[in-house]
Amino acid sequence: MDKAVTIPDAAFSADIYVRGIDCPDCAARVEQAVKGLPGVINAKVLVNSSKLAFLYDPALIEVEQVVSKVSELGYTTTKAEQCSNAGAFTEGITSTIRIFGLDCGDCAAKLEAGLRRIPGVKRAIVNLALSKVEVDHSGPLPEILKTIEAMGYTAKLEDKGLKSGFDGQNTATSKYALPTVLSGTMVAIGLFFGLLGLPGSIVSAAYLVAILFGGYLPARNGWAVLRSARELDMNVLVLIAVVGAVAIGRLEEAAAVVFLFSLGNTLQGYTFEKTRSSIRALMELAPDEAVVRRDGREQVLSVQDIRIGDVVIVRPGERVPVDGRILEGTTFVNQAAITGESVPVEKKPGDEVLAGSINGLGALEVEVTRAAQDNTVSRIIRLVEQAQTQRAPSQQTVDRFARYYTPIVITAAILVAIVPPLGLHQPFNKWLYEALAMLLVACPCALVISTPVAVVAALGNAARNGVLIKGGGYLEEAGTLSVVAFDKTGTLTVGEPRVTDVVPLTATAQEVIQVAAAIEARSEHPLGEAITKYAKDAGIDAPAVSGFRSVPGRGAQGNIGDKRYHIGSERFIAELGISLAAARKDIARLQSCGKTVIIVGDDKRVLGLIATADTLREHSRAAVSKLKQLGIRKTVMLTGDNESTASAVGREVGIDEFRADLLPEGKLDVIRDLLAKYGKVAMVGDGVNDAPAMAASTVGIAMGAAGTDAALETADIALMADDLLKLPYTVKLSRKAVSIIRQNIAFSLLLKGIILLLVIPGWLTMWLAVAGDTGTSLLVTLNSMRLLRARD
């Protein structure tokens, strides 16, 4: 049981100094990425000292791998300091515990309060939607599990399995179903006996049995919470009201209250199970078993036992069980469940396939590239679950309000019971009854669940449609955006430029290509790859290069023989003092067509020009148009290309504004300016090169994140496919979620207020109070579940 939180005796800790981490959100992203590495036990970013401290098992991972992961996220690191003392991390163990029987928002709040009272518990966050709690603690785990069980729930430490936590019944539906039926039956019998005119003692006995059947679980759970958390939850308030009603002879109302409360718990458990089904659907994407060729024979193995490098056989029509690379076979793969793409994608040897996608008609042999716990489906599930543990801003506000609401209403109920009889000489029984009815309104259940249920439903819908939203906060922010900024290359365009023109000036076209291909063969820039591919296709051999030097954002240099050559942007060549006078006319002509011009020269002159062009993504124009229809005030394109190229692409896509000739820090400055002017700005990029700008924006959105670790970890919202139409869908879904959250909060407060106002004329009844409270919770949940059906 303790395996997940045990620190190995051979564990080491290390510190890495990281430049550029200047906000808690950035720190959280780095922590999350490092903790996800196999072999890393814990990680913590110290923002003030720009340091990442992490605890790791040297048998499973090396420090250099952690440094590489941090660098992938766009940060500069310096050498780590390593030591064998792991004591600093023993205070920060995090355990995830599945809870069976959790069915209401107030119950979740009381459970959190009870866990926080345990010595050594630093933090406890309950995820009501997924029926689990995440606890940061230094004390023994068994005490935490014992406390949860003492409060009336079943607890189980979450294991690392893909489908852990959803084995068996997760709601309280089955627990409350039988008591509800028995209690309701006895209430009906009591009413029937009354209509028959049977003696009052028989009728009262039927109601008392109904109270016992329906009140046993609330009494047991309420006492457990009162004893462990020292707080009054809804169960205790119902129990007090019922006992009070029995004491003043209102047996039929006491029985009705117990029955309605039990019925509400049953229905609420059922509706919560519906919201949880969206996560269960994700968990069922990948098969539990796979056919593996190992040691020359085929065998069926659990996906948890498959190792990296194994060869998996995927037959036609089967789901791909692993992330891997195709060795043999050609087919079309349906990736809709992962990326939201509706059209199957052609796959051939060398292509990557994702776990959970459906193989078409061809048989495949796939080499495993990720372990089961690290494949794309597993990462999606973890990210969705983590997203649901993060409280949205509106939920934090509601939680703060709820802490004051309950004691205020209880105090008001005491005054209602005392003041009219003592100060106004009113009947004691009447106002005691009104006070007891008020207690049933004192629990803010509907208000507490108004936000989390909507967030869970929206996140589940988004995940099914190939969009990962990292938390309720980002969901709400995406619904309030004013500006959307796009990176050009790889976002609005395909990101695979091709050579369209070669313009010789003082050398032949073949010489221009030879020099360019020779230098770019040492570069990893996409434009360089286009040039080397063009040379290869044309059968032009590139000579050897020495003294290669890359100038990021500008160009590259190298020696061919004893001569120095340069290739790069107009600005770069001009900075070298090489005259561009003879090339100006051709440069302007090519740029006016939206092409990127690469200049090739030696130390004295320009040899020639190479023009490249990138093609727009299929849905770029439609996506920008839909964003404007949704009310986005401005769309902006940010690019390192020249102004003429940027202008041509911007016109074709329909962008309102563009900024050209930008280095990465220039994009960051533009985002800051837009934030100052418009308030809410999204940055859409590839999740790596645009990391600084994405981190500074209100919401960072990564394109084509499926199978890309850095994009999944860097972005606030990840579009799994290269489909820009998912962007307006996300904005629309977010706005609908914000609208439903506001409806839920307003409806909950309004109905609570109306019910409480009925106390003034003395019209409030117990059955009305409990029906109103339970009914509000159900309506809020059902209203939120509309988000499960929201479409593109």
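Author: His-425 sits in the loop that runs between helix 11 (393-423) and helix 12 (428-439). The model is a predicted one. Although His-425 is not a glycine, its phi is positive, at about 60 degrees. His-425 counts as exposed because its relative accessibility is 71%. Asp-295 is another non-glycine residue with a positive phi, near 60 degrees, and its place is in the loop between strand 10 (289-294) and strand 11 (297-302). With 74% relative accessibility, Asp-295 also counts as exposed.

Lys-347, by contrast, is buried. This lysine belongs to strand 15 (residues 345-347). Lys-347 has no salt bridge, and the nearest side chain of opposite charge, that of Asp-351, is 5.6 Å away. A salt bridge needs a nitrogen to oxygen distance within 4 Å. A polar atom of the Lys-347 side chain does lie 2.9 Å from the backbone oxygen of Glu-352. Beyond its neighbours within four places in sequence, Lys-347 is in contact with residues including Ile-326, Thr-330, Val-333, Gln-335 and Val-353, as well as Glu-352.

Asp-501 and Lys-595 meet through their side chains at 2.7 Å, N to O. They are 94 residues apart, Asp-501 in strand 21 (residues 498-504) and Lys-595 in the loop between helix 20 (584-592) and strand 25 (596-602). Asp-501 is partly exposed at 22%, whereas Lys-595 is buried at 18%. In the salt bridge between Arg-617 and Asp-722, the closest N and O atoms are 3.8 Å apart. These partners are separated by 105 residues, and each lies in a loop: Arg-617 between strand 26 (606-613) and helix 21 (620-629), Asp-722 between strand 31 (717-719) and helix 26 (726-757). Arg-617 is buried, with 14% relative accessibility, while Asp-722 is partly exposed at 45%. Salt bridges with shared partners also join Arg-123, Glu-134 and Asp-136 into one network.

Key
Residues are numbered from 1 along each chain as its sequence is written. This is a predicted model: local features need pLDDT of at least 70, side-chain atom pairs count only at pLDDT 80 or more; totals for chains, interfaces and linings use all residues. Side-chain values use heavy atoms; hydrogens and water are left out. Helices (H or I, at least four residues) and strands (E, at least two) are DSSP runs, numbered from the N terminus. Buried means under 20% relative accessible area, exposed over 50%, partly exposed in between (1.4 Å probe, protein chains only). Lys and Arg count as positive and Asp and Glu as negative; His and the chain ends are not counted. A polar contact is a pair of N or O atoms within 3.5 Å; within protein, one must be able to donate a hydrogen and the other to accept it, and residues adjacent in sequence count only if both atoms are side-chain atoms. Contact means heavy atoms within 4.5 Å.
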